[in-house]
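Subject: Structure handover

Hello,

Here is the structure I promised to pass on. Please open it alongside this note; what I found follows below.

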Amino acid sequence: MLTASDRVKNVAFAGNRIIFEKAKELERAGRRIIHMEVGRPDFDSPESVKDAAIEAIKDGKVHYTSNYGLDELRDKIAKKLVDENKIEAGRENIIVTPGAMMALSTAIFGTIDTGDEVLIPSPYYSSFYKQVQLAGGKPVVVPTTVEDDYQLSRELLEEYYTDKTKLLVLNSPNNPTGAIQSRESLDEIAEFAKDKDIFVISDECYEKFLYQGEHISIGSLPGMKERTLTVNSTSKTYSMTGWRIGFLAGPEQFIKEMVKVPQNMTICPTSFAQYGSLQAYDLSDEIVNERLKVFRERRDIVVDKLNELDMVELVPPAGGLYAFPKFVDIGMDAIELCDYLLEEAGIAVVPGGDFGIGAENSVRIAFTCSTDEVREGMGNLVEAVKKL
Ligand SMILES: Cc1ncc(COP(=O)(O)O)c(C=O)c1O
């Protein structure tokens, strides 16, 4: 009998997509639903970025590019890493990829062999876990807690380390918690990674979405550029999720090997989307900061509304686009709560189980819809939870 591979069968279907489909069904039946389940900023892509891509199409720049991406774009990304992230980089350190997602796959497939263990701090972006599964590795979840502000420590990492550990996946600011690893935590993580001689993937997709604290790239810390694989994209920063442009940055000797992953899976990112992204990296921070003001307002609404509820434990997000409240003693788990909120309050949010161990009573709320919708959705959520 024909079956799909165990590799794909063992991967759970994305929780946010399950909710998204349920919400769509209700909408088809005439219900109004406020979508706070998908991490897709509601802003449009910048006009000049669109113009650059349209120009590229008209100029016939419609063919394969190098497997590494366009040289001009690699140069621009390397400059961004030097200027903004204090990571030494040149063109030779960069692969342009279809979104951060393919940069993650390239880094994961490029570092681990079958059975190698990968430390994944929880709560986590579920694709980290699932990509490790697909690559034949063993995800090892390292739980961080509300009490510790979701900070990692060397002591905690040591508990989960074995001689099979090859890689640690870091994501700061974090999806779903919005936590930012402090300078002290990053120093401890860096010392741990160097002592144990393991790779670190640093997913920095939310680096520009900061409400408090600062973003430090672990690849900029002493001795870390030799083992850090930095991942980022234009998706969230410039509201370009549909363009599918991201990058992987790392030591040249690994980049040269790892490029075989996209070479044999995607060939290259879309040519004209790369030309648009060249323009995006030229934009001043003004447009990003304007939008950040709006996200900050939305984040504050979400936090204030959740604080009205006694049964909620919340570390207010220091960065990112999400809040991750835990609902204590409400007589239902997060899956039931999300169904209830969809039916009762017309708001779509994602159950925490998708984001790791210990998150079964948490839900992820994305503040990526309009500010009015955030206000209305959170009002409805609070009313509905009070009825429980
Ligand atoms: C932490 C994290 N990494 C990567 C991605 C995927 O980014 P991209 O759209 O650039 O592939 C997401 C999307 O939500 C994310 O939250």
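A pocket, as used here, is an open set of grid points where a 1.4 Å probe fits, with protein on both sides within 12 Å along at least five of seven lines. A molecule sits in such a pocket if more than half of its atoms lie within 2 Å of the pocket's grid points. Keep in mind that this is a predicted model.

**Ligand site**

The ligand takes up the space of the largest pocket.

Ser233 has a side-chain N or O atom 2.7 Å from an oxygen atom of the ligand. For Ser235, a polar side-chain atom lies 2.7 Å from a ligand oxygen. With Met101 the backbone is involved: one of its polar atoms is 2.9 Å from an oxygen of the ligand. The protein buries 93% of the 400 Å² that the ligand exposes when taken alone.

Next, an open sheet of 3 strands. The order is β10-β14-β13, and the pairing is antiparallel. β10 (322-323) and β13 (350-351) stand at the edges. Each has a single partner strand, so one side of each is left without a neighbour in the sheet. β10 pairs with β14 (residues 363-366) over 2 bridges, in the antiparallel sense. Ala323 has Ile365 in β14 as its bridge partner.

**Backbone points to check**

- Pro123 is in the loop between β3 (117-122) and α6 (126-134).
- Pro173 lies in the loop between β5 (165-171) and α8 (183-196).

One more backbone angle: phi of Tyr150 is near 60°, a positive value in a residue other than glycine. Tyr150 has its place in the loop between β4 (138-143) and α7 (154-160).

Over to you.

Best wishes

Methods. Residues numbered from 1 in each chain as written. Predicted model: local features only at pLDDT ≥ 70, side-chain atom pairs only at ≥ 80, totals over all residues. Heavy atoms only, no water. Polar contact = N/O pair within 3.5 Å; in protein donor to acceptor, adjacent residues only side chain to side chain. Areas by Shrake-Rupley, 256 points an atom, 1.4 Å probe, with all protein chains shown as cover. 1 Å grid on protein atoms, 1.4 Å probe; cavity = no way out; pocket = protein on both sides within 12 Å on 5 of 7 lines; lining within 4 Å. Pairing = 2+ DSSP bridges. Helix = DSSP H or I, 4+ residues; strand = E, 2+ residues; numbered from the N terminus.
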